[in-house]
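Please open the model in a viewer and keep the sequence panel at hand.

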Amino acid sequence: MKKRFIYADNAATTAVSDEVISAVMHCMKNVYGNPSSLYDRGTEAQRLLINSRERIAGCIGALPNEIYFTSGGSESDNWAIKGAAHAQEKKGKKHIITSQFEHHAVLRSCESLEKQGFEVTYLPVYKNGIVQPKDVANAIRPDTALVTIMYANNEIGTIQPIEEIAAICHDKGIWFHTDAVQAVGHININVHEQHIDMLSLSGHKFHAPKGIGLLYIRRGIAIPNLIDGGAQERGKRAGTENLPYIVGLATAIESACRDIEQKNEKTAALRDRLTEKVLKIDRSYYNGDARQRLAGNANYCFEGIEGEGLLLRLNLDGISASSGSACTSGSLDPSHVLLSLGVPKEVAQGSLRITIDENFTEDDIDYMADRITNTVAYLRGFSHTWDTVQNEEKYPGK
Ligand SMILES: *Cc1c(COP(=O)(O)O)cnc(C)c1O
């Protein structure tokens, strides 16, 4: 097969789209005033800021004054979790509920709170990678300050029953935050209808630039300011607004939230075509629920090989993929997400995440399937673990 160049790591980041680049450039060149200034150039910028905030809020069913712009997902997660914890601490509430397979921005925030005397319950996600709402209900205590569960997992793409979990929290009067960085643009979200109190999103996961995101905070939820200073973001996160990127975020989120169902249908069909071919490989496994997952996510394990070796060889074939999350690569530790599903350490080491979108073609998919199949066989050809593993019982994962 002729070599192709395929970017199949859209969960790590996405390319900035042409329409977003145009919107950002137009703003940089023409609307450079400070939105807080009173002359025309300032009010023009202020108008554009208000307009962008309204468009963005509309895409997630929030009110414009519930949107707080941040530098992205990590900042929003940190602010939501640490902010909620410290706001509730005064009422004697020092317990947080989350799941074992959250993004590190959430897990590390929780660990930092544990060092300050908070208690954290890490709920199991079972073999299918889905948090059970009844586990959330059972974990809630009188001193629970916050429940934070991600909308969709960044490694295995499994979609969590957010509506049910949020309803449980709402009934019990407990604040609910969701890291929706992977979900926005792939799932229709309405924060008010779904009783979500706080939500993190990040532009670079749906074709906006890196370094812009937001935290939605429902009216009435009072968390401490993140940055003290000027009156920007209702005084909660001071600093002159990054208007070009906010305009880019508005353009990107509107585009991402358009025709979600049609795009998902096309993407899922391509993803399933890949999975059908890849799972023909001996001792290969599909990680996470096959249906309740993001349309563009496929995550496999291959026994007897190292994910790193696979990635390097796929790179030579022009394929950009990942073996988990971009954040954990570089370390040889197996993914905490795969371990939380009960995947044995040795199996988890041979993982591959492919994240595609609706612009892929069947030829792209067939090329990837061909290269993956060949490369796994090639690597197993001189793998000692493969020699021994073949005589062992299979990991019951298929
Ligand atoms: C990418 C990602 C983040 C981090 O977002 P940044 O904007 O890169 O800080 C957080 N959570 C999830 C689920 C992600 O996929």
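**The whole chain**

Begin with the entire chain, bearing in mind that this is a predicted model. In a cartoon display, the secondary structure amounts to 13 helices and 12 strands. The radius of gyration is 22 Å, close to the 21 Å that the globule rule gives for 398 residues, so the chain is as compact as a globular protein of that length.

**The largest pocket**

Next, select His186, Lys205, His207, Asp357 and Glu358, the lining residues that lie nearest the centre of the largest pocket. The lining as a whole consists of 32 residues. Helix H1 (18-30), helix H7 (243-256) and helix H8 (260-278) are the elements that each give two or more residues to this lining. Which of the elements gives the most to the lining? It is H8, with 4 residues. Colour the lining by class to find 11 nonpolar, 16 polar and 5 charged residues. The space in this pocket comes to about 520 Å³.

**Aromatic rings**

Turn now to the side chains of Phe, Tyr and Trp. The structure holds 5 aromatic pairs. One of them joins Tyr300 and Phe302, whose ring centres are 6.2 Å apart, with 40° between the planes. This arrangement is classed as tilted, because stacked pairs have planes under 30 degrees apart and edge-to-face pairs over 60. Are Tyr300 and Phe302 buried or exposed? Both residues are buried.

**Charges over rings**

Show Lys94 with Phe118: Lys94 lies over the face of Phe118, at 5.0 Å from the ring centre. Then show Arg380 with Trp386, where Arg380 lies over the ring face at 3.8 Å from its centre.

**Two loop residues with positive phi**

Select Tyr126, in the loop between strand S4 (119-123) and helix H5 (133-139). Although Tyr126 is not a glycine, its phi is positive, at about 60°. The relative accessible area of Tyr126 is 37%, so this residue counts as partly exposed.

Continue to Arg283, which is found in the loop between H8 and strand S9 (284-286). Here too the residue is other than glycine and phi is positive, near 50°. Is Arg283 buried or exposed? With 5% relative accessibility, Arg283 counts as buried, because the cut-off for that class is under 20%.

**A residue on helix H12**

For the last stop, select Asn374, which lies in helix H12 (residues 362-381). Asn374 has 38% relative accessibility and therefore counts as partly exposed. Finally, draw a distance from the C-alpha atom of Asn374 to that of Asp179. These two residues are 195 residues apart along the chain, and their C-alpha atoms are separated by 37 Å.

Conventions: Residues are numbered from 1 along each chain as its sequence is written. This is a predicted model: local features need pLDDT of at least 70, side-chain atom pairs count only at pLDDT 80 or more; totals for chains, interfaces and linings use all residues. Side-chain values use heavy atoms; hydrogens and water are left out. Rings of Phe, Tyr and Trp (its six-membered ring) pair if their centres lie within 6.5 Å; planes under 30 degrees apart count as stacked, over 60 as edge-to-face and the rest as tilted. Buried means under 20% relative accessible area, exposed over 50%, partly exposed in between (1.4 Å probe, protein chains only). A charge sits over a ring if NZ of Lys or CZ of Arg is within 6 Å of the ring centre and within 35 degrees of the ring normal. On a 1 Å grid over the protein atoms alone, a cavity is a set of points where a 1.4 Å probe fits but cannot get out, and a pocket is an open set with protein on both sides within 12 Å along at least five of seven lines; lining residues have an atom within 4 Å of a point. Grid points are joined across faces, edges and corners, and a volume is the space filled by probe spheres set on the points. Ala, Val, Leu, Ile, Met, Phe, Trp, Tyr, Cys and Pro count as nonpolar, Asp, Glu, Lys and Arg as charged, and the others, Gly among them, as polar. The radius of gyration is taken over C-alpha atoms; the globule rule is 2.2 Å times the number of residues to the power 0.38.
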